[in-house]
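Okay, thanks for coming, everyone.

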Amino acid sequence: MVVRRSASREPVTEAEERLLVEAAQRDPAKFGPLYENNFERVYAFVARRVQDRLAAEDLTSDVFHRALASLPRFEWRGVPFAAWLLRIASNAIADRSKRASREQDVPSFENSDSNPGSSSPLEVSADEIEERARLFRLVDELPADQRRVIVMRFAEEKSIREVAQGLGRTEGAVKQLQFRALENLRARMSRMNVSKKNG
Amino acid sequence: MAKRSLSRQLDELVETILARRGSRTGPEPGLEPEQSELAELADLASRLRDLPRQNFKTSLKNDLERRALMAATARATSRVRPVPEGYHTVTPYLCIRGAAQALEFYKKAFGATELMRIAQPDGKIGHAEIQIGDSHIMLADEFPEHGYRSPQSIGGSPVGIHLFVEDVDAMAKQAIAAGAKVLRPVADQFYGDRLGMVADPFGHIWSIATHKEDVSPEEIQRRAAAHLQQEHGAGVSLKQVPPLGPAPGVREGFSSITPYLAVRPAAELIDFVKHAFGAVETLRTTGSLGGTHAEVQIGNSMLMIGGGPEIAFEETPAAIHLYVNDVDAVYRQALRAGATSIAEPVDHEYGERGASLKDLAGNHWYIATSLAGSPVPQGFRSVTPYFHPRGADKLIDFLKEAFGADEVARYAGPDGSIVHAQVKIGDSMLEMGEARGPYQPMPSAMYLYVADADSTYKRALEAGATLVQPPADQPYGDRNASVKDPFGTTWYIATHIKDVAP
């Protein structure tokens, strides 16, 4: 059981990460911490570029399996491990897109921007990914009832009524919890951003 | 109340966000400026639409852990070497009566290191391993009831263990001091090793060797043949039995062709070959004509010497190619024994050191040592008759026709005449070179053992030989005839019928 690293802390240092990578290269069973440190990041990156949740899960799974298999070949050249993972993710997405268009004769399931005015979603900024990964991790640190609401509402895509039934609360109470949870998240996000700016 | 309404308003925004599928980056629904707080929350909500499911994260983690475990196992498995570290493909397993003592002996004798020992309560060793040099040897006590029997139970061991060591002499000395029995003293071997053999006190046989010289397989072949001849010839006890019995019709101890030197000074010639070449007299009796008949062994070959001053007969001196270990020593010894020199010892470009002598009876002796390895070249015996015919090619034809000779080698000179040729009759080599200079035809006589004297005699006559004496059984156990070939050589064609005590 890996002790959960607080989402509000800065990511692991390069030296720490290097030790983790080298340990996992010697013993694949030590891949766990690398997964924990990077899951939200990879998922955020993938989810940003594919349409549906199943595809995102599929690809995330693919990325980590590829990473585990290729870990012995990973060479430490000062590039963060996360960057390596995201490159694998890009390749996995491209492979899948090619396969899909070949097999089904459809263009691609990647998000197509319906608004020509905005920037292409394919060019997801690294900051945006980090932001989202941080947000996902912060959900875990919410008070239990708020976290349940956020998870059920967003990750499990349940309606207010379903959440209310699941938690045995009124719909109003659930909406209240949802509101507080989001406020909470916003506060934590901005606190981190402030500390980041000042730090 | 304000909060409640804000939470409701927020949920409406969330509903809209969640309902928008496929387009995640569209503009947020229009909001009043005072509702900017709501806008920020809605922005978070739109990002949370990508929140991963907790189940997925957990199950992927479990999945990866399983996979990692498999990879680790596979890696660990691949590190297990099918041939364990330190072992070679083949490892001797010795079955020993008294394995515990043997362990101590091998340490002392061969500097063995004990690697493991599984002793039983009764003191017997169920399994042990030692290392000598870079090799492992397994051993255990004998368990005759299970079919594991030691050399002492079986009465010997058909398998030997060959040790290559840095210093064979030192190791052999050490082994003997520890109690090993010498089977073969350490000596240089023709295949390039220096080697000795010992038996340990438990009946196992060990060869100990140091490699001294790289010898090509062809060279080993050649040397092996020469070695075999040497083993059964010169310098080896007369009691040494040839590896195979004589060919059909050939008297024991003889080869197919034996030169018969019939000379007037027969007794002196016998003395000469003894002194000059270390010949051993094996028989001296009275010949059919009343003179002397003697047989001597030189190296691994026999010679017949007959005649005497008191009887009338045609002398048959011959030229003999005689392989010896040391040409120079034998040359000097022969001169002291009364021979005259024809040619002093010299290295010949055909790979022999040779010298020529003439003895008191007029025989030529071409003494030689092969310069490649063993003194006697492959296929040769100590004594080989040498002919100097006029028309060597015709002689070869006759020998083929009459005696079924095989032509082994023929070297022609610029004028086409034969400088040197070798033919083989039965197990014996015969050499010749066209007559020239001091090397002129000699009468010579050859005693030829064949399987069937009568039929060979007929073939010899058909091939052009002239009759001297028709086939007849002789009191000394041979049936023989004699003919003279067109080149002046007398051939006694014989088949040994029965052994007769001399």
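Let's start with contacts, meaning heavy atoms within 4.5 Å. In chain B, residues 24 or more positions apart account for 58% of the contacts with a separation of 6 or more. For chain A, that share is 63%.

Some housekeeping before I go on. This is a predicted model, where local features need pLDDT of at least 70, side-chain atom pairs count only at pLDDT 80 or more, and totals for chains, interfaces and linings use all residues. Residues are numbered from 1 along each chain as its sequence is written, chains are lettered from A and ligands numbered from 1 in the order in which they are written, and side-chain values use heavy atoms, with hydrogens and water left out.

So what secondary structure do we have? I'm using DSSP runs numbered from the N terminus, with helices as H or I of at least four residues and strands as E of at least two. Chain A has eight helices and zero strands, and along the sequence it reads α-α-α-α-α-α-α-α. Chain B, on the other hand, has 11 helices and 24 strands.

Next, burial. I call a residue buried under 20% relative accessible area, exposed over 50%, and partly exposed in between, with a 1.4 Å probe and protein chains only. By that count, 48% of the 199 residues of chain A are buried, and for the 502 residues of chain B the figure is 45%. For accessible surface, which comes from the Shrake-Rupley method with a 1.4 Å probe and, for residues, only the protein chains shown as cover, chain A has about 10100 Å², with 49% of that on carbon and sulfur atoms. Chain B comes to about 24900 Å², and there carbon and sulfur hold 54%.

How far do we trust this? pLDDT is the predictor's confidence in each residue, from 0 to 100. Chain A has a mean pLDDT of 81, with 80% of its residues at 70 or more. Its residues 1-5 are below 50, and that stretch has eight contacts in the model beyond near neighbours in sequence. Residues 106-121 of chain A are also below 50, with 30 such contacts. In chain B the mean is 86, and 91% of the residues reach 70 or more. Residues 22-28 of chain B fall below 50, with 19 contacts beyond near neighbours in sequence, and so do residues 231-245, with 15. For the complex, the predictor gives an ipTM of 0.84 and a pTM of 0.42.

Now a few single residues. Which residues of chain A does Ser7(B) touch? Leaving out residues up to four places away in sequence, Ser7(B) touches Lys175(A), Gln176(A) and Phe179(A). Ser7(B) sits in helix 1 of chain B, residues 2-19, and with a relative accessible area of 2% it is buried.

Ser207(B) is in strand 8 of chain B, residues 205-211. Its relative accessibility is 11%, so it counts as buried.

Glu157(A) isn't a glycine, yet it has a positive phi of about 55 degrees. You'll find Glu157(A) in the loop between helix 6 (144-155) and helix 7 (160-167) of chain A, partly exposed at 36%. Ser444(B), again not a glycine, has a positive phi of about 40 degrees. Ser444(B) is in the loop between strand 20 (428-432) and strand 21 (445-449) of chain B, and at 2% it is buried.

Last stop, the second largest pocket. A pocket here is an open set of points on a 1 Å grid over the protein atoms alone, where a 1.4 Å probe fits, with protein on both sides within 12 Å along at least five of seven lines; lining residues have an atom within 4 Å of a point. This one holds about 910 Å³, where volume is the space filled by probe spheres set on the points, joined across faces, edges and corners. Of its 33 lining residues, His321(B), Tyr350(B), Glu352(B), Tyr386(B) and His420(B) lie nearest the centre. Among the elements giving two or more residues to the lining are strand 13 (319-323) and strand 19 (418-425) of chain B. The lining splits into 15 nonpolar, 11 polar and seven charged residues, with Ala, Val, Leu, Ile, Met, Phe, Trp, Tyr, Cys and Pro as nonpolar, Asp, Glu, Lys and Arg as charged, and the others, Gly among them, as polar.
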